[in-house]
Amino acid sequence: MSVLQIIFLVTGFVTLLAGVMVVASPKLVHAALWLIVSLAGVAVLFVLLNANFLAVVQVVVYIGAIAILIIFTVMLTRRVMADSGPTHNRTWWVALLSAVVLLGGLLALIWQHPAFQAVPAELAAADTSLTVLGTSLVDVNRYLVPFEVASVLLLAALIGAIAVARPVAKGEEADE
Amino acid sequence: MIPLSWYLTLAALLFCVGVFGVLARRNAVAILMGIELMLNAVNLNLVAFWRYSTPGVIAGQVFTLIVFAVAASEAAVGLALIISIYRRRATVVADEINLMKW
């Protein structure tokens, strides 16, 4: 067993354990912190897959932005969660059953995949994938349009989020 | 060398953990966290297939970048909705938000 495999197994185990803690932890702030651990584990796996740029983006976007947003929301809505309700709904066992069935189906599917036991293809000695990624994102014949659509989507989401989260104005009362 | 199967199995496990979180948690923020886990599992799959099947074609990484953008938008809008609902109804529990439930 090589060093890479050991790193993968440890990282994978930590990622999965953190993921389970995210969905099982009774305290929401703890769940958010476990989510950060899980996202960092995925970033390490990206490095193992030679996708260094994506690992950096994972850290910046997911851990730097999304996880912080989630923690802010948890803190802004904290008083309600202090009330002692169950953290999972009554039919959680149905959810567990569906997740396990889905897992079985997924595993059965991917075990039939022809490339299942594939080992990674050799990368070129000088890894140019980052340059290729950068140029393909601004190339009209390749991925310029999806890239621009993604940026417009981000802008729309930003404006939409501001508009939705605006405090209720004086005139319009809460609709209850 | 790490076989592709390890990545696929790990991603499937992570995805199903996320599915359980989305279906079972009552708090809307926790449901969003489950969605983030699922998106991460998908990203892991995309990058693994890029690395093992088509390392010369950059489409796998581009797709992952687009998923990042969509995940960021989804988190921003979703959390804004949750804060707005909390302001108006003082709850973030998904099954108490039943205004449009028949």
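Start by colouring chain B and chain A separately and looking for charge pairs across their interface: the rule finds zero salt bridges there (a side-chain nitrogen of Lys or Arg within 4 Å of a carboxyl oxygen of Asp or Glu). Keep in mind that this is a predicted model, where local features need pLDDT of at least 70, side-chain atom pairs count only at pLDDT 80 or more, and totals for chains, interfaces and linings use all residues. Residues are numbered from 1 along each chain as its sequence is written, chains are lettered from A and ligands numbered from 1 in the order in which they are written, and side-chain values use heavy atoms, with hydrogens and water left out.

Next, select the side of chain B that touches chain A. The elements giving it two or more residues are α1 (4-24), α2 (28-52) and α3 (59-89) of chain B (helices are DSSP runs of H or I, at least four residues, numbered from the N terminus). Of these, α3(B) brings the largest share, 25 residues. Colour that side by class and you get 51 nonpolar, eleven polar and seven charged residues (Ala, Val, Leu, Ile, Met, Phe, Trp, Tyr, Cys and Pro are nonpolar, Asp, Glu, Lys and Arg charged, the others, Gly among them, polar).

Zoom out: 69 residues of chain B are in contact with 91 residues of chain A, contact being heavy atoms within 4.5 Å.

Last stop: show α3(B) with α6 (residues 129-137) of chain A, whose axes come within 10 Å and cross at roughly 60° (lines fitted to C-alpha atoms over the stretch in contact, angles running from 0 to 180 degrees between N-to-C directions).
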